[in-house]
Amino acid sequence: MKAVAVYPSSRKIGITDLPEPKIAAPTQVKLRMLEVGICGTDKEICRFDYGTPPEGSDFLVLGHESLGEVVEVGPDGGGFKPGDLVIPSVRRPCQHPECVACRQGRQDFCYTGDFTERGIKGRHGYMTEFAVDEARYMVPVPRELREVAVLVEPLTIAEKALIQVWNVQQRLPWACEIVPGKGKAHCHRAVVLGAGPVGLLGAMALTVAGFDTFVYSRAAGAENRAKLVESFGAHYVPAETNSIDDLAKIVGTIDLVYEAVGASQLAFDMLHTLGPNAVFVFTGVPGRKGPVSVDTDLLMRNLVLKNQILFGTVNAGREAFEAAIKDLSTFTKRWPDATKALITGHFPMEGFADLLAGRAGGIKNVLSIG
Ligand code: BGC
Ligand code: ZN
């Protein structure tokens, strides 16, 4: 069977021929891979900045944003049956007995760093025709979502963030503002930094969660992104013509910032606009470009005097996958066109080179495999 693999030692990327995997334990399922999305992490791996092949292998099969169809189920395969659609989760636990996170199935919060990730770190990914894995890492997805289900994994980033936001905001009265005589005036206001797939999916999830959402971005093709953002009820603020202070004036009190660009200067410049009791969530992974300057006194004063919280979040656990599937279903009902518009290209496996080099443009591009 064919697979897209990177060879870090010889700095090559190509289609390789591999033996079809077989179910090797009663608790496993075998999948035919249908679609795999391409993201910034894949591109980074293809620039040889990130990514680790499995032990003893000189190559890594790419792909972690995937959709598969069950074709075979072991006798203890968790109730799956052939024909079921599933989203495989990405991360697998470390083996250390003392890692309470991994021991409880929360490898997205692994303490040791010795977790593995399919298609990223120490395990082959899903840009291949068939894959075998433990049934417990598969999240079932309804057939109606077939067309857009490949968006589930990138959406889990926002879902995990939102679950944490609700949890940390239990520290205070955190409810929508009621204007006497007028009922619910507005809910919280969120700013999303970035209009790539993670930003746009995050903006949709925030809108569904009741946030008045503003997307601030310097995206190429800004006009189309602006239309897309407005079509699902959020607002687009172009960074080319609006400074961060302009943005803050447009939004008013900022209750949440969801950072999805990985540009640290922008993120830290944004911090001083945070409102009281606000939360700032980092999801981007910046390249190391050297120090930037930050007014640390101002930052610390605000954090303390305004009860603010900053946190970073990576990967996602099962509850975030389930929340993503639920939200994606809501998106397709409320905004069918906008949801479909997030997937801008379907390519055959042979089209990997342009996609992984980032030459294809668009929002989310996917390899259609099966
Ligand atoms: C994936 C995460 C993963 C992270 C770091 C992201 O692209 O969506 O699942 O944890 O990369 O490797
Ligand atoms: Zn661990």
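**Surface patch, strand pairing and zinc site**

Met300, Val304 and Leu305 together form a nonpolar surface patch with about 360 Å² of accessible area. The model is predicted.

Reader: Is methionine 300 buried or exposed?
Author: Methionine 300 is found in helix 8, residues 296–305. Exposed means over 50% relative accessible area. Methionine 300 has 58% relative accessibility, so methionine 300 counts as exposed.

Reader: Which residue in strand 5 stands opposite glutamate 35?
Author: Strand 3 (residues 28–37) pairs with strand 5 (residues 65–73) in the antiparallel sense, over eight bridges. Within strand 5, the residue opposite glutamate 35 is leucine 67.

Reader: What is the bridge partner of glycine 68 in strand 6?
Author: Strand 5 and strand 6 (residues 85–88) run antiparallel and are joined by two bridges. In strand 6, glycine 68 has as its bridge partner valine 86.

Reader: What is the geometry of the site of the zinc ion (ligand 2)?
Author: The zinc ion (ligand 2) is coordinated at 2.3 to 2.4 Å by the SG atoms of Cys94, Cys99, Cys102 and Cys110. Four donors count as tetrahedral if all angles lie between 85 and 135 degrees. The angles among the four donor atoms here are 102 to 120 degrees, and the site is tetrahedral.

Reader: How many residues apart in sequence are the parts that cysteine 94 and cysteine 110 tie together?
Author: The zinc donors follow the spacing C-x4-C-x2-C-x7-C along the chain. Cysteine 94 lies in the loop between strand 7 (91–92) and helix 2 (100–103), and cysteine 110 in the loop between helix 2 and strand 8 (116–118). Both cysteine 94 and cysteine 110 are buried. The pair therefore ties together parts whose separation in sequence is 16 residues.

How values were computed. Residues numbered from 1 in each chain as written. Chains lettered and ligands numbered in written order. Predicted model: local features only at pLDDT ≥ 70, side-chain atom pairs only at ≥ 80, totals over all residues. Heavy atoms only, no water. Patch = residues over 30% accessible without salt bridge, like charges linked within 9 Å, V, L, I, M, F, W, Y side chains within 5 Å. Areas by Shrake-Rupley, 256 points an atom, 1.4 Å probe, with all protein chains shown as cover. Salt bridge = Lys/Arg side-chain N within 4 Å of Asp/Glu carboxyl O. Helix = DSSP H or I, 4+ residues; strand = E, 2+ residues; numbered from the N terminus. Buried < 20%, exposed > 50% of the residue type's maximum accessible area, 1.4 Å probe, protein only. Pairing = 2+ DSSP bridges. Donors = N, O, S within 2.8 Å, 3.2 Å for Na, K, Ca; no water. Tetrahedral: all angles 85-135°; square planar, octahedral: opposite > 155°, others 65-115°.
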